[in-house]
Amino acid sequence: MTGFARRKCREIGVRDAGGRSELPSRPIGEWDDKAAYVLLGPPGYGKTTVFEHEAESQGGLYVTAREFLTFDDKPEWHDTTLFVDGLDEARAGTADGRTPLDSIRAKLDRMGRPRFRLSCRDADWFGANDSENLETVAPDGAVTVLSLDPLSCHDICKTLRANLRVANPEDFIAEAEGNGLQELLANPQNLKMLARAAGKDGAWPRTRTQTFEKACRVLLEEHNEDHRIANPNRGGVSDLMDAVGRLCAIQLLTGAAGNSLSGEDSDLRFLGLDQVSGKDLATLRSCLGSKQFEAPKVCRVIPVHRVVAEFLAARYLAALVENGLPIGRILALINGPEAVDNPPRPGWHS
């Protein structure tokens with residue numbers, strides 16, 4: 001991976017000889033000998049990138065928790081170390097957050113209890129309860145819980161220069177600190193958003209909200225002239241921001257993974273565009289074809305990052321509330337089981 005910063009983490013839930021509850025940080029590769037570990041971190045901290053890199057360097061196999069739960073079994077999942085990424089995404093929207101982990105445990109047990117790693121947002125990890133349950137399917141009966149460290153100053157400079165094409169990382173960091181945005185630098189996803197927002201025209205955003213707003217607009221702009229000519233009616237960026245916010249809100253409220261570009265290929269996890277009312281089909285397709293989304297499979301797209309999807313969905317829902325939609329209705333959709341167990345019906349609207 002270009003310019004990959006070797007990340008550090010620390011073991012949590014243990015005490016050293018001095019009684020400290022957390023041990024010093026070490027490179028994550030130093031836990032390669034562990035039969036099973038869990039990697040925790042806030043949204044956008046780079047857990048997925050770390051797992052992809054570690055799976056490649058160790059000869060293991062990276063798989064999302066959604067895929068691991070969706071498919072019965074695959075031959076390539078055997079005789080390797082499994083890097084199961086995103087327990088939090090599998091838990092999102094479920095009535096009982098224990099169910100996805102129980103399903104993962106059952107599958108690991110059926111597979112003969114292979115070596116595994118599991119990632120999760122720290123806010124969605126149920127602590128000792130999750131650890132103890134995972135230990136029942138760990139190869140040696142032990143599970144180490146790790147907390148991913150933020151990017152170091154060296155990591156920030158390396159990421160800016162190698163991955164984000166910032167010629168003078170030190171000046172960039174100084175500018176961010178001068179604008180009170182230094183807290184965004186240590187989070188890889190926020191760092192990327194800040195670089196996109198600041199690099200567009202040199203006008204630095206002043207707040208986190210402005211940073212995400214500006215970066216999301218950059219992601220929606222079409223820079224390819226041929227595509228602009230072929231789609232003269234794709235709509236302005238403001239219209240697209242509203243439409244992509246609607247798409248993200250529906251995905252998050254229903255627990256879907258993304259959207260299907262083919263109506264025949266839609267299901268509970270990948271919603272067809274015919275299930276999204278209120279926006280014309282051309283506008284929705286323009287959104288799904290932008291850099292706000294990526295395509296892990298043919299005719300299926302997912303948001304480029306869950307943090308981005310959450311921002312855009314919140315932005316869209318906040319605008320609806322400001323325009324008179326009762327907030328209780330949104331809370332009912334979030335908390336009600338119908339929002340999880342059923343896809344939005346044709347004509348779904350907020």
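# Helix α13 and its surroundings

Visitor: Against which elements do the buried residues of α13 pack?

Guide: The model is predicted, so local features need a pLDDT of at least 70 and side-chain atom pairs count only at pLDDT 80 or more, whereas totals for chains, interfaces and linings use all residues. Residues are numbered from 1 along each chain as its sequence is written, and side-chain values use heavy atoms, with hydrogens and water left out. Buried means under 20% relative accessible area, exposed over 50% and partly exposed in between, with a 1.4 Å probe and protein chains only, while a contact means heavy atoms within 4.5 Å. In these terms, the buried residues of α13 pack against β6 (116-121), α8 (188-199), α9, α11, β11 (300-303) and α14 (327-335).

Visitor: Which residues of α13 are buried?

Guide: Helices (H or I, at least four residues) and strands (E, at least two) are DSSP runs numbered from the N terminus, and α13 covers residues 306-322. The buried residues in α13 are Val-307, Val-308, Ala-309, Phe-311, Leu-312, Ala-313, Tyr-316, Leu-317 and Leu-320.

Visitor: How far apart are the end C-alpha atoms of α13?

Guide: The expected span of a helix is 1.5 Å times one less than its number of residues. For the 17 residues of α13 this gives 24 Å, which agrees with the separation of its end C-alpha atoms, 24 Å.

Visitor: Which residues does Cys-216 touch?

Guide: Cys-216 is one of the residues with the most contacts inside the largest core. When residues up to four places away in sequence are not counted, Cys-216 touches Met-193, Met-241, Gln-292, Val-308, Phe-311 and Leu-312.

Visitor: How many aromatic pairs are there?

Guide: Rings of Phe, Tyr and Trp (its six-membered ring) pair if their centres lie within 6.5 Å, and planes under 30 degrees apart count as stacked, over 60 as edge-to-face and the rest as tilted. One of the pairs is that of Phe-68 and Trp-77, which is tilted because the ring centres are 5.0 Å apart with the planes at 45°. Phe-212 and Phe-311 also form a tilted pair, at 5.4 Å centre to centre and 45° between the planes. By this rule, the count of aromatic pairs comes to 4.

Visitor: How many residues apart in sequence are the parts that the pair of Phe-212 and Phe-311 ties together?

Guide: Both partners are buried, Phe-212 at 5% relative accessibility and Phe-311 at 16%. Because Phe-212 lies in helix α9 (residues 208-220) and Phe-311 in helix α13, the pair ties together parts whose separation in sequence is 99 residues.

Visitor: Which residue has its charged end over the ring of Phe-68?

Guide: A charge sits over a ring if NZ of Lys or CZ of Arg is within 6 Å of the ring centre and within 35 degrees of the ring normal. Arg-91 lies over the face of Phe-126, at 3.8 Å from the ring centre. Over the ring of Phe-68, 5.3 Å from its centre, sits the charged end of Lys-107.

Visitor: Is Asp-79 buried or exposed?

Guide: Most residues other than glycine have a negative phi. The phi of Asp-79, however, is near 55°, a positive value, and this residue lies in the loop between α2 (65-70) and β5 (82-85). Because its relative accessible area is 83%, Asp-79 counts as exposed.

Conventions
Core = buried A, V, L, I, M, F, W, Y, C linked by side-chain atoms within 4.5 Å.
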